[in-house]
Amino acid sequence: MTYPDPTLFGHDPWWLILAKSVGIFGFLVLTVLAAILLERKILGRMQLRFGPNRVGPRGLLQSLADGVKLALKEGLIPAGVDKWIYLAAPVISVIPAFMAFAVIPLGGEVSIFGHRTALQLTDLPVAVLYILAVTSIGVYGIVLAGWASGSVYPLLGGLRSSAQVVSYEIAMALSFAAVFIYSGTMSTSGIVAAQENTWYIFLLLPSFLVYLTSMVGETNRAPFDLPEAEGELVGGFHTEYSSLKFAMFMLAEYVNMTTVSALATTLFLGGWHAPWPLSIWDGANTGWWPLLWFTAKVWLFLFFFMWLRATLPRMRYDQFMALGWKILIPVSLGWIAIVATTHTLQNQGYQAWATALIGLAIVVVILGAVIGWRRWRAKNTRTAPVPPVPSADDGAFPVPPLPVKEHADA
């Protein structure tokens, strides 16, 4: 299979590179505005209420009104904060969220004012590792926000976030390894090209499920929103933030949601390739149509985020960490061994490797679900031992005997 050469990127005219950058920025900002509105609408319907329906026709301008409100609010800086780090933390969170989208392929080649160019800002031989590295920097903003606030609850939220990211990025990176083995490249455009015939969600289903779980933990979304945990930590790491500084944290959260959704689309859902049966049409993967398929897949994952928030309660912190270290990481390691073995057999000429791998994927998913359910059931049905009643012989205060009701005929 012939993969796109990453070195071909970066030769566009300066105005075209600038137009692509502005286009990606506009795409992300509009996606965030729409996602905030639709999340409130969807959660309202799932909870038997209307959601926003006052500002604008059917409440369509609610997100814009919220942004204006935050921009006009007074920006307070509490006493006792480390001012410069306190102000820099939101910026550190939001910039990497936008940077990670630079290597995401939104479509194939198109013509823009007579210039043939790919709907992708740039590509790298290690593009997926670049995304993993850039998104990891965003957690520094959360940790620094908690530390610089000079308050206990934000500090606890920042510490939780750091432990959470370290735990779930290991599982996320292991889910990438199976994709690298089968595609033979770390370039995002190359991975999309490798899925022209078969999407990796079918061949690498366990890796997809591990990534699906890890991306929710990576973005601090319910039921894994433990760095915020309103019931325990007030507002978490952004308790002491208001006005535009608070808005930047919210912007970073939703842009990160869009980025991990786009990465899931690129790695497992064929990227910008049209789904079947639309792929039967010869023009489905040409021109600007791929941008539509890519956007639809990204919104499918965004809806998944919203659905989780409306249905699942927040996990306990020990349950959340045990899920990452005791289930996701061991399952990923075992699955990588299976993927490497089947890929080696494929290279040696053995046939029917795809069918065998899909069957093994289903078996691994079922076994993982059964083991996780049994562990959860054993942990939650365990009965606590009854403490013994202290007696005077043990040196404790003696407990008087319970009164015995006498019969009337006694």
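I started with the largest cavity, which holds about 310 Å³ of space. This is a predicted model, so I kept to its thresholds: local features need pLDDT of at least 70, side-chain atom pairs count only at pLDDT 80 or more, and totals for chains, interfaces and linings use all residues. Residues are numbered from 1 along each chain as its sequence is written, and side-chain values use heavy atoms, with hydrogens and water left out.

**Cavities**

My cavity rule: on a 1 Å grid over the protein atoms alone, a cavity is a set of points where a 1.4 Å probe fits but cannot get out, and lining residues have an atom within 4 Å of a point. Grid points are joined across faces, edges and corners, and a volume is the space filled by probe spheres set on the points. By this rule I get 3 cavities of 30 Å³ or more.

Back to the largest cavity: 22 residues line it, and Gly138, Ile142, Glu218, Asn220 and Asn256 are the closest to its centre. For the elements I used DSSP runs numbered from the N terminus, with helices as H or I of at least four residues and strands as E of at least two. Helices α3 (83-99), α4 (127-148), α5 and α10 each give at least two residues to this lining. Which helix has the largest share of it? That is α10, with 7 residues. By class I find 11 nonpolar, 8 polar and 3 charged residues in the lining. The classes: Ala, Val, Leu, Ile, Met, Phe, Trp, Tyr, Cys and Pro are nonpolar, Asp, Glu, Lys and Arg are charged, and the others, Gly among them, are polar.

The second largest cavity has about 60 Å³ of space. Its lining is Ile131, Leu132, Thr135, Met172, Phe176, Tyr211, Glu218, Thr259, Val260 and Leu263. Here α4, α5, α8 (205-218) and α10 each supply at least two residues.

**Helix packing on α10**

Next I looked at how α5 and α10 sit together. The axes of α5 (residues 152-183) and α10 (residues 243-268) come within 11 Å and cross at roughly 30 degrees. That makes α5 roughly parallel to α10. For the record, axes are lines fitted to C-alpha atoms, for helices over the stretch in contact, and angles run from 0 to 180 degrees between N-to-C directions. Angles under 35 degrees count as roughly parallel, over 145 as roughly antiparallel, 65 to 115 as roughly perpendicular and the rest as oblique. Ser175, Phe176 and Val179 of α5 make the contact with Leu263, Leu267 and Phe268 of α10, where contact means heavy atoms within 4.5 Å. I note 5 nonpolar, 1 polar and no charged residues in it. Phe176 and Leu263 also turn up in the lining of the second largest cavity.

Then α1: its axis is 9 Å from that of α10, at an angle of about 100 degrees. That makes α1 roughly perpendicular to α10. On the α1 side I list Leu28, Thr31, Val32, Ala35, Ile36 and Glu39, which meet Leu251, Tyr254, Val255 and Thr258 in α10. This contact has 7 nonpolar, 2 polar and 1 charged residues.

Beyond its neighbours within four places in sequence, Thr265 is in contact with Gly270, Gly271, Phe294, Lys297, Val298 and Phe301.

Ala97 belongs to helix α3 and is buried too, with a relative accessible area of 1%. Leaving aside neighbours within four places in sequence, I find Ala97 in contact with Ala252, Val255, Asn256 and Thr259. Ala97 and Thr258 are 161 residues apart in sequence, yet 9.1 Å apart in space, C-alpha to C-alpha.

Leu48 has a positive phi of about 60 degrees although it is not a glycine. Leu48 sits in the loop between α1 (14-46) and α2 (62-72), and is exposed at 82% relative accessible area. Phe113, not a glycine either, has a positive phi of about 50 degrees. I place Phe113 in the loop between β1 (109-112) and β2 (115-118), exposed at 74% relative accessibility. Finally, Trp276 and Pro277 are joined by a cis peptide bond, with omega about 10 degrees; Pro277 lies in the loop between α10 and α11 (289-311).

Terms used. 1 Å grid on protein atoms, 1.4 Å probe; cavity = no way out; pocket = protein on both sides within 12 Å on 5 of 7 lines; lining within 4 Å. Buried < 20%, exposed > 50% of the residue type's maximum accessible area, 1.4 Å probe, protein only.
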